[in-house]
Amino acid sequence: MSIFVSVASYRDAELVSTVRDCLAKAARPDRVRIVVCWQHRGDEDVSAIAADPRVELLDVDARASRGACWARAQVMGHYAGEDWFLQVDSHTRFAPDWDARLLTLAAGTGAGKPVITGYPPRYEPADDLPGDGLPAETIVRGWTGDGLPVLGQRPMTDRSRPTVPARFVAGGFLFAPGSLVREVPYDPRIYFLGEELTMSVRAFTWGYDLFHPTEALAWHHYLREGSPRHWTDHTSTAGTPGWWTLDRASRRRVGVLLRRPNFGRYGLGRVRPLAEYLAHAGCDLTRRTWSDWRQPAAVGA
C-alpha cells in the first residue's frame, strides 16, 4: 500500500528532522512519498532531504504564503494516486512502523472510508523522544462571536479499543484513503480557524467515518516558543494582505458553508446531509451549544 505524506512547513527548523524520522520509522519506506510545501526565506538548509527521491520540496517564498490551508492545498495538488494519505505538521516525530500500524487500525475500524486522526502527545526537540503519552480527542472549547465553534483537545480516556469514534479531525495528524484528496481537497481560502471544522464536515458528508487512535503513533512539538508564525510575519506589508484580512474572509467562508451549504469543489459531499454531521458532532449552530459525549451539559457560547 502506497502512502502520500503531506507536510506544510512554515519557516520551521524541525522540518528536516520530521521528514527523516518519517522515513526512518516507516516499516515500508519504499512505499512512502513525501511532498512538502517548503515556505522559507532562504535561510534553511534542507540538503539532507532535498536529494531523496521519496521527497518533493515545493519551494515557496514565505512572503507569498497565504496560510496553512493554502499550503496544504498546494501539497494536495501533487498527489499522484497513492492508496493512502497522511497529513502531518512539520514538527512531528513518529512511532516505529507507523505506516503498518495505521493501516492495521484503519482496517480494524470496519469502515469503508476511515479517517484516523487526533492530536498526538507532545515532544521537545532538545529532549529524547518520550515514546509514551496518549493522543487527545478533539472537542469544542467555546464559540466565536460570529458563531463558529472553537476546537480544542482533551486527554483520551477510553482505551478499551484500538480506535474510538471522533467528531472532528485534527489537521496535524490525519490518515485517510487517498480518495480523500480527490473528494475533500483543502480549501486554500480557509486561513486558520475553521480548518478542522470544515474538513470534518466535508469528509463526513462524503461518507468518511472519523476515528481517534488510542495509542501514540506520532508526537507533536506544540509550544514552539520563538518560532516564526504566519500571523507574526504577515502584518501590513505592501502588496500582500495582512493575516487578519485573510482570516476575516476565511471566517465568512466557513460561516457560509455551515449555514448555506453548497456542493462545489470545496463544498459538502452528497453521501450524508449536513444535519447528520451536526447531530454526530453535537453542535447546535443556532443556540451555539455543543453536547459533550462525556457530560450531559452542553458547552455554550
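Is arginine 54 buried, partly exposed or exposed, and at what relative accessibility? At 29% relative accessibility, arginine 54 counts as partly exposed, where buried means under 20% relative accessible area, exposed over 50%, and partly exposed in between (1.4 Å probe, protein chains only). This is a predicted model, in which local features need pLDDT of at least 70 and side-chain atom pairs count only at pLDDT 80 or more, while totals for chains, interfaces and linings use all residues. Residues are numbered from 1 along each chain as its sequence is written, and side-chain values use heavy atoms, with hydrogens and water left out.

**Salt bridges**

- The structure holds 20 salt bridges, each defined as a side-chain nitrogen of Lys or Arg within 4 Å of a carboxyl oxygen of Asp or Glu.
- Arginine 54 is paired in this way with aspartate 52, their closest N and O atoms being 2.8 Å apart, and aspartate 52 is buried at a relative accessible area of 18%.
- Arginine 28 forms a salt bridge with aspartate 30, with 2.7 Å between the closest N and O atoms; arginine 28 is partly exposed at 37% relative accessible area, whereas aspartate 30 is exposed at 53%.
- Arginine 251 and aspartate 146 meet through their side chains in a salt bridge of 3.1 Å, N to O.
- That pair links distant parts of the chain, 105 residues apart, with arginine 251 in helix 8 (residues 243-259) and aspartate 146 in the loop between strand 7 (136-143) and strand 8 (149-155); helices (H or I, at least four residues) and strands (E, at least two) are DSSP runs, numbered from the N terminus.

- Strand 1 (residues 3-10) and strand 2 run parallel and are joined by eight bridges, two strands being paired if DSSP finds at least two bridges between them.
- Between them the chain passes through helix 1 (residues 15-25) in a right-handed β-α-β crossover, meaning that, with the strands pointing away from the viewer, the path from the first strand over the helix to the second runs clockwise.
- Strand 2 (residues 32-40) is mostly covered, with eight of its nine residues buried, and seven bridges join strand 2 to strand 3 (residues 55-61), again in parallel.
- Histidine 40 stands opposite aspartate 61 in strand 3.

**Threonine 163**

- Threonine 163 lies in strand 9 (residues 163-165) and is buried, with a relative accessible area of 11%.
- Leaving aside residues up to four places away in sequence, threonine 163 touches residues including Leu105, Ile116 and Phe211, contact meaning heavy atoms within 4.5 Å.
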